[in-house]
Amino acid sequence: MNLSHPKFELTIVVPVYNEEDNLVRLKEEFNSYFSTSPYRSKVLFVNDGSSDYSQMMIENICKSSDRYQYLELSRNMGLSAALKAGIDHADTEFVGYIDSDLQTSPFDFDFLMEYRHDYALVTGYRRNRQDSFVKNMSSTIANGFRRFMTKDKAIDTGCPLKVMQTKYAQKIPFFTGMHRFIPALIMLQNGEMKQVPVNHFPRIAGEAKYHLFNRLVGPFKDCFAYRWMKKRYINYEISNQG
């Protein structure tokens with residue numbers, strides 16, 4: 001794959017699952033971002049088996065500009081699978097990630113992109129989180145336990161705003177639930193991480209797809225899966241080739 005794309009340097013992966021109420025606003029927000037950002041970027045929607053009108057709306061958006069592309073998964077596979085599909089199909093030097101609910105802003109990608117050449121992963125952390133007490137508390141507990149288990153030092157691994165060097169991102173060993181461990185998985189490749197504060201907003205439309213069980217219990221279980229994998233992970237570098 002040629003990652004020196006002549007037109008774009010950043011592919012922003014946007015997983016979508018039943019977000020028809022957010023997609024018009026999402027397009028307007030990205031169009032505004034594209035018009036002001038100094039970075040050449042495009043959006044890759046990944047429809048994770050939506051059962052509403054999301055796919056039809058995505059296709060209409062993609063017809064409006066070559067800044068938009070899409071993948072449609074055959075069925076609902078979960079956030080990790082949608083994110084992996086988008087990363088696997090990125091053809092630019094850098095790949096980003098943002099949720100479709102617009103609780104984070106595309107404009108903050110400019111702050112992350114400043115460090116793109118120096119770090120394998122540049123991740124946001126949400127300041128002044130606009131979430132419920134239960135959601136904030138469960139995230140705090142899960143983040144603390146994850147840091148204890150992985151030693152990744154990530155303040156807010158659940159922040160849906162990230163930029164990665166594609167050569168690192170496409171080597172991440174994804175499986176269900178591992179979107180929460182991107183900093184730790186980059187660390188396995190000896191990649192370095194930069195953390196940048198980003199804005200956070202209340203969800204205006206649609207419903208959250210993740211609740212107390214999959215924000216707290218699931219990550220606890222996944223920490224043990226990561227520890228198992230870490231002991232068996234193979235990381236190699238080629239010094240010469242003839």
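**H1 and H2.** I looked up how H1 and H2 pack in this predicted model, and found that their axes come within 10 Å and cross at roughly 25 degrees, where axes are lines fitted to C-alpha atoms, for helices over the stretch in contact, and angles run from 0 to 180 degrees between N-to-C directions. H1 and H2 are therefore roughly parallel to each other, since angles under 35 degrees count as roughly parallel, over 145 as roughly antiparallel, 65 to 115 as roughly perpendicular and the rest as oblique. I noted the crossing of H1 and H2 as right-handed, meaning that the near helix is turned clockwise from the far one by less than a right angle. Leu23, Val24 and Lys27 of H1 meet Ser54, Met57, Ile58, Ile61 and Ser64 of H2, contact being heavy atoms within 4.5 Å. Helices (H or I, at least four residues) and strands (E, at least two) are DSSP runs, numbered from the N terminus.

**Conventions.** I kept in mind that residues are numbered from 1 along each chain as its sequence is written, and that side-chain values use heavy atoms, with hydrogens and water left out. Local features need pLDDT of at least 70 and side-chain atom pairs count only at pLDDT 80 or more, while totals for chains, interfaces and linings use all residues.

**The buried face of H2.** In H2, residues 54-64, I listed Ser54, Gln55, Met57, Ile58, Ile61 and Cys62 as buried, which is under 20% relative accessible area, with exposed over 50% and partly exposed in between (1.4 Å probe, protein chains only). Seen down the axis of H2, these buried residues fall within an arc of 160 degrees, so they line one face of the helix; the arc is that of the directions from the helix axis to the C-beta atoms. Their cover includes strand S1 (10-16), helix H1 (23-36), strand S2 (41-47) and strand S3 (68-72).

**Cysteines.** I checked for disulfides, taken as pairs of cysteine sulfur atoms within 2.5 Å, and the count came to zero. Cys62 counts as buried at 15% relative accessibility, and Cys159 counts as buried at 0%.

**Ser105.** I found Ser105 in the loop between strand S4 (94-98) and helix H4 (109-113), where Ser105 is buried with a relative accessible area of 9%. Leaving aside neighbours within four places in sequence, Ser105 is in contact with Glu29, Ile98, Leu161 and Phe201. The C-alpha atoms of Ser105 and Pro160 are separated by 9.8 Å, although these residues are 55 apart along the chain.
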